[in-house]
Amino acid sequence: MSARQSDPTRIAPPRRISRRRLLASMPAFGGLLLTGCSRDLLPPTVRGGLVGAADVLTMGTNRWLLADQPLAREYPRSEIAPDFPTWGQTNPPDEEYQRLLRGGFEEWRLPVSGLVGEPATFSLDDLRRMPARTQITAHVCEQGWSAIAEWTGVPLLTVLERAGGVRPEARYAVFHTADGWYESIDMFDVVHPQTILAYGLNGGDLPIGNGAPVRLRVERQCGYKNVKFLTSIQMVASVAGFGRGTGGLASDFGFHWYAGV
């Protein structure tokens, strides 16, 4: 076989993720309305009836409005809430988490696997040595409250690049946590500059109650997408093999997978 011939058994090389390239490949919103089959503008699973139709229209409309990847609103420091709330699990009883907590998370590791070029494992110090982003944003909870906080962390895009980039067939990042949750976002949110792995809150280390040592911040979606106590990240082509196959524990139990605000 000559160097110019293609080998059908060869695995495609990982891609260096480009926001511009990704957006250029996104189908027009009109295509969604006309054909109903634009997978990049659909949730992982589409429910039937009016609820399913509402899911598709909500996600499609939101993605159309955000096609240029604008930033979520950022606020001045004067608007930071004095005490950012905690909710849900605030100190996972998981034995391994408690062991890591006692050691100040020095032995905590975050494996990044699946459809990446070079699966890798990162320590908390590794993440802190990467280029950081600080953003003051509003956390919007599905239970009806919101609060503004300053988050510091490393862009998810940077971490994936350090793992060799993402293979072309990858469509979702799946996050697992020490409190038993899993959640996913698609490539549109993966590459957004405000999607970060946060290790700092309001100028200090991330508190236990808010998800120490590292949590996800995906600023254009509701609070339940911003999972705490991260333990691993997987890049996958499908979420069918996780939980009930809807893309997240919350959506497994009836919440919307796409929770855009």
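A nonpolar core here is a set of buried Ala, Val, Leu, Ile, Met, Phe, Trp, Tyr and Cys residues joined through side-chain atoms within 4.5 Å. Buried means under 20% relative accessible area, with a 1.4 Å probe and protein chains only.

Two notes on method. This is a predicted model: local features need pLDDT of at least 70, side-chain atom pairs count only at pLDDT 80 or more, and totals for chains, interfaces and linings use all residues. Residues are numbered from 1 along each chain as its sequence is written, and side-chain values use heavy atoms, without hydrogens or water.

Now the core. The largest one has 39 residues, and Leu 127, Phe 175, Leu 197 and Met 235 have the most contacts inside it. Helix α6, residues 156–162, gives the most to this core: four residues. Helices are DSSP runs of H or I, at least four residues; strands are runs of E, at least two; both are numbered from the N terminus. Apart from this core lies another, of 11 residues, including Tyr 172 and Trp 257.

Take Leu 127. Beyond four places in sequence, Leu 127 touches Trp 108, Leu 110, Phe 122, Val 154, Val 159, Tyr 199 and Val 214. Contact means heavy atoms within 4.5 Å.

Next, the strands. Nine of the 10 residues of β4, residues 146–155, are buried, so this strand is largely enclosed by the rest of the structure. Strands pair if DSSP finds at least two bridges between them. β3 and β4 run antiparallel, joined by eight bridges. One of the partners is Val 140, bridged to Ser 146 in β4. The hairpin has five residues between the strands, and there Gly 144 takes a positive phi near 110°. β4 also pairs with β7, residues 196–201, antiparallel over five bridges. Pro 155 has Ile 196 as its bridge partner in β7.

What lines the largest cavity? Ala 138, His 139, Val 140, Arg 217, Glu 219, Gln 221, Asn 226 and Val 261 do. A cavity is a set of points on a 1 Å grid over the protein atoms alone, where a 1.4 Å probe fits but cannot get out; lining residues have an atom within 4 Å of a point. Strand β3, residues 133–140, gives the largest share of that lining, three residues.

Last, Val 261. Val 261 lies in the segment after α8. Val 261 and Arg 220 are 41 residues apart in sequence, yet 5.6 Å apart in space, C-alpha to C-alpha. Contacts of Val 261 beyond four places in sequence include Asn 62, Val 140 and Cys 222.

Technical notes: 1 Å grid on protein atoms, 1.4 Å probe; cavity = no way out; pocket = protein on both sides within 12 Å on 5 of 7 lines; lining within 4 Å. Buried < 20%, exposed > 50% of the residue type's maximum accessible area, 1.4 Å probe, protein only.
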